[in-house]
Amino acid sequence: MAFVVTDNCIKCKYTDCVAVCPVDAFHQGPNFLAINPNVCIDCELCVPECPAEAIFQEEALPPGQEQFLKLNEELSEIWPVITEVIPAPEDADKFNGIANKLPQLMV
């Protein structure tokens with residue numbers, strides 16, 4: 001099992017979670033983070049670090065977020081690993097909590 005980054009990370013992309021990941025499972029795209037399910041060790045350290053509350057265990061994905069399991073897997077194969085905290089986008093707080101941001105995902 002693995003953890004999954006979901007919809008609320010889109011356009012927020014806070015990176016507090018990557019600093020605590022012991023196996024470097026996070027990958028960075030233009031406006032979203034993804035977790036490689038083949039690397040994630042299901043430790044749960046990232047969950048409380050996410051200000052957007054966008055990370056869930058794959059077996060506990062909220063309704064409507066199931067497509068993010070496959071999306072994390074696909075994107076983690078093409079995006080580079082991120083291991084250090086970087087500044088969030090200037091408008092991240094504006095997008096935190098807005099639902100249905102998948103159409104705004106930049107690949």
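Author: Two residues are said to be in contact when heavy atoms of theirs lie within 4.5 Å. Leaving aside neighbours within four places in sequence, A25 is in contact with A34, I35, N36, V39 and C40. The model is predicted, so local features need pLDDT of at least 70 and side-chain atom pairs count only at pLDDT 80 or more, whereas totals for chains, interfaces and linings use all residues. Residues are numbered from 1 along each chain as its sequence is written, and side-chain values use heavy atoms, with hydrogens and water left out.

Reader: Where is A25 found, and is A25 buried or exposed?

Author: Buried means under 20% relative accessible area, exposed means over 50%, and partly exposed lies in between (1.4 Å probe, protein chains only). A25 counts as buried because its relative accessibility is 1%. A25 is found in the loop between β1 and β2; helices (H or I, at least four residues) and strands (E, at least two) are DSSP runs, numbered from the N terminus. A25 and C12 are 13 residues apart in sequence, and their C-alpha atoms are 19 Å apart in space.

Reader: Which residues does N36 touch?

Author: Not counting residues up to four places away in sequence, N36 touches A25, H27, S76 and E77. N36 is found in the loop between β3 and β4, and N36 is buried because its relative accessible area is 8%.

Reader: Which members of the largest nonpolar core touch the most other members?

Author: A nonpolar core is a set of buried Ala, Val, Leu, Ile, Met, Phe, Trp, Tyr and Cys residues joined through side-chain atoms within 4.5 Å. The largest one here has 32 residues, and F26, F32, I35 and I55 touch the most other members. At least two residues of this core come from each of β1 (3–5), β3 (33–35), α1 (67–78) and α2 (92–95). As for I35, its contacts beyond four places in sequence include F3, V4, V5, A25, F26 and C40. Also among the contacts of I35 are C46, I55, N72, E73 and S76.

Reader: How is a pair of aromatic rings described, and how many aromatic pairs are found in the whole structure?

Author: A pair of aromatic rings is described by the distance of the centres and the angle of the planes. Rings of Phe, Tyr and Trp (its six-membered ring) pair if their centres lie within 6.5 Å; planes under 30 degrees apart count as stacked, over 60 as edge-to-face and the rest as tilted. The whole structure has 2 aromatic pairs. In the tilted pair of F32 and F68, the centres are 6.0 Å apart, with 45° between the planes. This pair links distant parts of the chain, for F32 is in the loop between β2 (26–28) and β3, F68 is in helix α1, and they are 36 residues apart. F32 counts as buried because its relative accessibility is 0%, and F68 counts as buried because its relative accessibility is 1%.

The other pair is edge-to-face, with F32 and W79 at 6.3 Å centre to centre and 65° between the planes. W79 lies in the loop between α1 and α2 and F32 in the loop between β2 and β3, so this pair ties together parts that are 47 residues apart in sequence. F32, F68 and W79 form one aromatic cluster.

Reader: What is the phi of D24, and what is the phi of D42?

Author: Most residues other than glycine have a negative phi. D24 has a positive phi of about 55° although it is not a glycine, and phi of D42 is positive too, near 60°. D24 is placed in the loop between β1 and β2, while D42 is found in the loop between β3 and β4 (55–57). D24 counts as partly exposed because its relative accessibility is 38%; D42 counts as partly exposed because its relative accessibility is 28%.
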